[in-house]
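Trainee: Let's look at strand pairing and nonpolar cores in this entry.
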Amino acid sequence: MRTTKLRLVLTAVLGLVVFTPQSVPAAPRQAPVRAAHTAAVFDVKDYGATGNGSSNDTPGINKAITAANSAGGGTVRFRSGTYRSSNTIHLKSDVTIQLDSGSTILGSGSNTYDPPEPNEWDTYQDYGHSHFHNAMIHGDRLTNVAFTGSGTIDGGDHLITGNPGRGQADKIISLTRCDGLTFNGITLKQGGHFAILINGCRNVTSDHLTIATSGDRDGWNVISAENVSITNANIAANDDALVFKSDYALGAKLSNGHVRVSDSKLSAKCCNALMFGSETCGDLTDYVFQRIAITGAQKSGLGMVSMDGARITDVHYKDITMSGTRSPIMQKVGTRKRCGNNPGVGSISGITYENIKGTGASPSFSPTLWGESGGGRISDVAFSHVDLTVPGGNGTMGTGVPSNNATDYNPRSIGTRPAYGWYLRNVSGVSFTDSSVRFAADDGRPAVIVNNGGDVSFDRFTAQRGGGSPHDVGFQTVTGYCLANSRNTSGGALRVSATGSTSPCGGAGSGTVSGLHVADTANSGDWSLQSGLRAGATQYGDRTITLASVPAALMGAQWIRSANDSKGATADPLVGFTLSDQATVSVAVDTRTGRLPWLDSSWTDSGTRLVNSESTPKNFQVFQKSFPAGPVRLGPNAGTGSMYTVVVN
């Protein structure tokens, strides 16, 4: 059986939280790692390798690697030729594998690779993820290693896609607990289960890596890795192309995150193109994906699941195109809990999608956000300029909740969604701005259904109307939804069905707030009263940063545009204004700052956030308090994080 492997700018201004990802994200934090030594070159032919395509060159290769390592580091060079490798190559620290043009390291079917090592934790993940020694190239606890050049490593159709037998290998490159890993320019082909499997590695850099495993299984599994930069990758896989995971194969939940992927091409014949999970033990945070083209995925184009207790946060997608994907966007929280130390249910939050264009393939799965109840809800997700065209073609059906297998991550684990476009369940703080959904063939289902949620907003949203659909947008037990400035593709109003739901859309009218005073002379000129809060509004008077996401309950409200440079002001009170009527004042505070000292117990955490559009988006936690008509005074920003934002409704 085939097994699939499976920052929001925070401002504390009274009640405003917006997110808008923009500009080029900063590179992940990199620890100072010494580059692999390249002064000395060790030609494998000088150590007994022939490059004739038939002789077993592994002994000579391993001798060259040992010599380079013993010399304090160096480059192991492969001149043009085919180097058959019938045994496992043992990589060592401070070694660069240099593959010249025309050179190929070729796998063997002689079944003489290293056997898989025992693993007492192998019940927590698939066999292939649990064993690392049975590979063409293996290394553990290495520092400063690299694969460079324009040559190829080819499994030669000899690597196993399932569980390998005695002497068989199921991966090309298998590295654990490494620090300082580089891939530059090489090509990997016919990788068996994995072309690359890394686990517990940090400070990983890849540029112009090509992986061709569309007849095998996975391209690159990046597991429990930190500080990763991948640029100009071209990965065509059968199973998952590029996937980020966290498992228990090394006997612990390890740190993950600070990852940047850009300017790459991905495809997956059977499964997922760009994926989180399914193995998700440890938390994953701070990932940015930019300028990526996905051309085919029989499961998810952009997939994200938390199945084993992981909290997935602070993930941002921007400038991505997709075609031929059955499930363009998929998020799911499940209850498999396949991890050590009895994990609970995980969560997904702080995710943004900006400028995403996608077309689907049949049979299709509607784009879906499916959380679990309680702490397992999916929260704080912002869609901006996300335009999807799905196949459509279904008839009218009931709008009840579809079936779900909570221990399965596959898009098909959820029954046919009763919406042809977006289906959202157990979510909060989700916003769609300047986005659309259409179908290729008429469909009798609504465009959108939100079931059991809160604080869900649609602003300037366009949906195509199905000929027999009962309505366009359905809200089922949703506390706080807002549908504003939205239409169907013919320009008409969207038909809304709301059952057991409330809509606070609209906020305060103009004139509720007056007499704004700021005790920061240097920056007070950049503060101003604003009306009609919405995504896309400029957050600060002294910055061009805009809001990417605004909670539904705050949309349309009066608000105060602050100056970010006031974040260091110490006057207390810092801000004052007058309310003409009783109102709720919201202060959106950068999550990096945390609850400000003057936000005492009389202020309630609303559970919602604003997200902005900095290169690394910031999240702002919204605190609220009801005030009678009269003066309101607010304290300083404490000098940390971005300046808060204030909203009144």
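The talk below covers pairing, then cores.

Mentor: This is a predicted model, where local features need pLDDT of at least 70, side-chain atom pairs count only at pLDDT 80 or more, and totals for chains, interfaces and linings use all residues. Residues are numbered from 1 along each chain as its sequence is written, and side-chain values use heavy atoms, with hydrogens and water left out.

Trainee: Why are β24 and β25 called paired strands?

Mentor: Strands are DSSP runs of E, at least two residues, numbered from the N terminus. Two of them pair if DSSP finds at least two bridges between them. β24 (residues 284–306) and β25 (residues 311–333) share 17 bridges and run parallel, so they pair. Tyr287 has Val315 in β25 as its bridge partner.

Trainee: What makes β27 a partner of β25?

Mentor: Three bridges, in the parallel sense, link β25 to β27 (residues 368–370). The definition asks for at least two, so they pair. Gln331 stands opposite Leu369 there.

Trainee: What joins β25 to β26?

Mentor: Eleven bridges, again parallel, with β26 spanning residues 347–360. Arg311 stands opposite Ser347.

Trainee: Why is a set of residues called a nonpolar core?

Mentor: Because its members are buried Ala, Val, Leu, Ile, Met, Phe, Trp, Tyr and Cys residues joined through side-chain atoms within 4.5 Å. Buried means under 20% relative accessible area (1.4 Å probe, protein chains only). The largest such core has 105 residues, and those with the most contacts inside it include Phe289 and Tyr317. β24 gives the largest share, eight residues. A second, separate core has 44 residues, among them Ala484 and Tyr644.

Notes. Helix = DSSP H or I, 4+ residues; strand = E, 2+ residues; numbered from the N terminus. Buried < 20%, exposed > 50% of the residue type's maximum accessible area, 1.4 Å probe, protein only.
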